[in-house]
There are 2 protein chains.
Amino acid sequence: MLKVIAIFEYMRKILAMIGILKKKPVDKLLEALGKEKVNTSIVERKLYSYDATPIPIDRAVPSAVVFPENHDDVVKLVRICYQEGIPMFPRGAGSGLTGGAVPTKENGVVVSFERMNRFKVDENNTTAEVEPGVITAQFQEHVEKLGLFYPPDPSSFKYSTIGGNIAENAGGPRCLKYGVTREYVLGLTVVVKDGDVLKLGNPVIKDVAGYDLTKLFVGSEGTLGLITSSNLKLIPKPKARATALALFENLEHVGRAVTKIMTSGIFPSALEFMDRDAIKAVEDFKPVGLPRDVEALLLIEVDGSPQSVREDINQIKGLLEPMGIRVKTAESKKEEERLWMARKSLGPALGNLKSGKINEDIVFPRIYLSEAIPKLRQIAEKYHLLMVIFGHIGDGNLHVNLLYDKQNREEEEKAERAVDEVFELALSYHGSITGEHGVGLTKKKFLKWQFGDIGYELLKGIKLLFDPKNLFNPGKMVEV
Amino acid sequence: MLKVIAIFEYMRKILAMIGILKKKPVDKLLEALGKEKVNTSIVERKLYSYDATPIPIDRAVPSAVVFPENHDDVVKLVRICYQEGIPMFPRGAGSGLTGGAVPTKENGVVVSFERMNRFKVDENNTTAEVEPGVITAQFQEHVEKLGLFYPPDPSSFKYSTIGGNIAENAGGPRCLKYGVTREYVLGLTVVVKDGDVLKLGNPVIKDVAGYDLTKLFVGSEGTLGLITSSNLKLIPKPKARATALALFENLEHVGRAVTKIMTSGIFPSALEFMDRDAIKAVEDFKPVGLPRDVEALLLIEVDGSPQSVREDINQIKGLLEPMGIRVKTAESKKEEERLWMARKSLGPALGNLKSGKINEDIVFPRIYLSEAIPKLRQIAEKYHLLMVIFGHIGDGNLHVNLLYDKQNREEEEKAERAVDEVFELALSYHGSITGEHGVGLTKKKFLKWQFGDIGYELLKGIKLLFDPKNLFNPGKMVEV
């Protein structure tokens, strides 16, 4: 018997030497974190290889999905992955639209932060310490009960996470007045190469010591390291809100109306734009009584004290009506909700029109909008595509939706070609290829257009400084 | 005759060969830019070797002061300096307090942006294109006439420049509500190594393409490259302002009062703090009628519509008076100005007390202030120094002033030792060594404390990525 064991042991040693019984990299993760936190089932791995990107992208089924439960788990994970050369694909809710959370290498692991979902509000400091897996809406509801406010409101806010919002520097309608996610991230704890831990920033608003590495991480799309905790700034919750609707017969009046408002001492908390086709889409899908005979509309929201919001809405009426623009005020909470419902149901309404939709979030300096919108429509006409435009006009962030038939490969290709022209147009007007969605996989080629060669080299340099082995979300945003 | 010329020519060639007639690096600058823009007089060079830093620092007299007049001048300048290895020390108004604008190498040149002082407001886009030499106050006055607002208000705003403000990420009282300079810098044109030009960002609020190099330049203290133009965000100018004064018998009530206000739906545009010694200093210097028998006071400013500011002030009274805190409202414009005068005359008032003053702008998370202030006073007592504390309490940014006799070397050394302890205290409470003034020369050793070894290595990596020859403001902030 002992002889048999000895022979087996001998064979094991030989096999180990030639590498057959050598532990796979993922086994080391399993050993360090346990199988509760490292899932290698094919179902789970396939499930976590998707995000919400609407166009075909190169995805890979990862070798595992890891669910860290705390900071120390992430440190262990990064240390092993960096030693073993395992690519890491961090993931919030997977609601991104540019492939940011999608794994692209089969030897990689998806790092899902869904179990790191604790937060602690510090009322006396008007800040909060928040783990990356906290759902934005749940955090917002909580702080609002304390009289505080966390403004960033990407349309995914009901399911997207704070970590994902930080990685993408998420925006939304309110960002016109309140700024984007970056403005609310005061500090971060991040795990970088080799499992090193960096504490960046502090729970204070002012901190000018050194280069601002905190803000460099915001919007870095998970390519520099993994975030395990954030210090977020909170502000006082406005006491009241009011909404008005402005109706335009003429596109050119839209820009002028926005300027009138923005130079009148009123700071709207949102200025949302819908073009005639967007209005039509909503009314066809779920009628809320918007007029179909106008060229565009603006949804205008103001916030402040109960008295000042009434004052502001009246002042806006007084500014726009002499320009021949009809202004309707939402007289009740219900009417207000109905108007915002129209804006929010745009996504599903468009999904109802055609099976395929490319929603690009380009940005134009506001002055060029009335010039650019007809040019955008020309692009759609050239390719015989349906185009619907809406978005946050106060900051020039337009959502240009190209609709096509998914079964029709020819039409799909046309839509992809049209997108290229849409980006070229935005850049020709000193705009940006993305105001909210990020670069991810789908906008990589356009990033070079926006940064130029020298700028792009610097982006690469920063990436390699933090991640010399290119293991944090490799292949996203910048190609090294 | 011809023979004589030939001999001279021969000698010239020999001298050139052995390098005596070789052009000095500064001659190349003179040749490229002309002597109107390159001043090598000893008077000018000595004049430009200072800034407003109140403590002794290692300065060098530069080899020239260069006055570029436009973007192309800067490109030429950087190209030559990078080829010839000439250190460049960019300078706004020289009002910085940490040595950021001071030349430290004799072969270097000071680059003064005072002639690049043009700006163009784009009302319809609520943005402006601004050259670095524009004086902040002049820009602000101009935009306010258009109903627009550029909030950053460092106390130097009457003479400091936009370029300097960007380099230092300047703050001020209003930043509690409106954020610091960084939040207003949408785009930058910068000249980096070899004279390469980078156009970063765009005149749009939302832009999430690539790492945020624009914000990385903000607060980089001139160490990454030279800024030739900026796109600044403007916001609507508030219609009205109102001020109240809250008087505290007990330091611990200050923090609680701030929390009460910040969770009541009111967002103050400034919350300024003065301790008992600050009050005393002002009243001794230029009496405005502040009570001398209180432990501290808060100056509270709100802005908004004429009605809402009255509402807000009344609400603040209602919140604080039941806590036993006396609240006085400024009933007239004149009274308001008088109160703000008290705050603004603090600088000169302190200068009047002692010949030496170290004004450190540390930051504490607000919750720790009532605990930290007594500890700060203990440090002063330990070294038998006079300490006066005031600052922007809403964001935890305290100006801790250590006063001493400049002629008394022993007292000066004590003040320097006390400063070390002040920084240690700030860091022990998760604060920052600088909220507004930057690192420059004087806080270099403390930067390492704040970032740790790994963080500091990354700062160095970024510096060398943009400036591999270490020629942009070398020796400042981070040591490479």
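**View 1. Polar contacts where chain A meets chain B.** Across the interface of chain A and chain B, 36 residue pairs are in polar contact, both partners at pLDDT 80 or more (a pair of N or O atoms within 3.5 Å; within protein, one must be able to donate a hydrogen and the other to accept it, and residues adjacent in sequence count only if both atoms are side-chain atoms). On chain A's side of the contact, α16(A) gives the most, with 12 residues. By class, that side has 37 nonpolar, 32 polar and 19 charged residues (Ala, Val, Leu, Ile, Met, Phe, Trp, Tyr, Cys and Pro count as nonpolar, Asp, Glu, Lys and Arg as charged, the others, Gly among them, as polar). This is a predicted model, so to speak of local features needs pLDDT of at least 70 and side-chain atom pairs count only at pLDDT 80 or more, while totals for chains, interfaces and linings use all residues. Residues are numbered from 1 along each chain as its sequence is written, chains are lettered from A and ligands numbered from 1 in the order written, and side-chain values use heavy atoms, with hydrogens and water left out.

**View 2. A salt bridge within chain A.** Here the side chains of A:K443 and A:E360 meet in a salt bridge, 2.9 Å from N to O. A:K443 sits in the loop between α15 (409–428) and α16 of chain A and A:E360 in strand β16 (residues 356–360), so the pair ties together parts 83 residues apart in sequence (helices, H or I, at least four residues, and strands, E, at least two, are DSSP runs numbered from the N terminus). Over all chains, the whole structure has 60 salt bridges.

Terms used. Salt bridge = Lys/Arg side-chain N within 4 Å of Asp/Glu carboxyl O.
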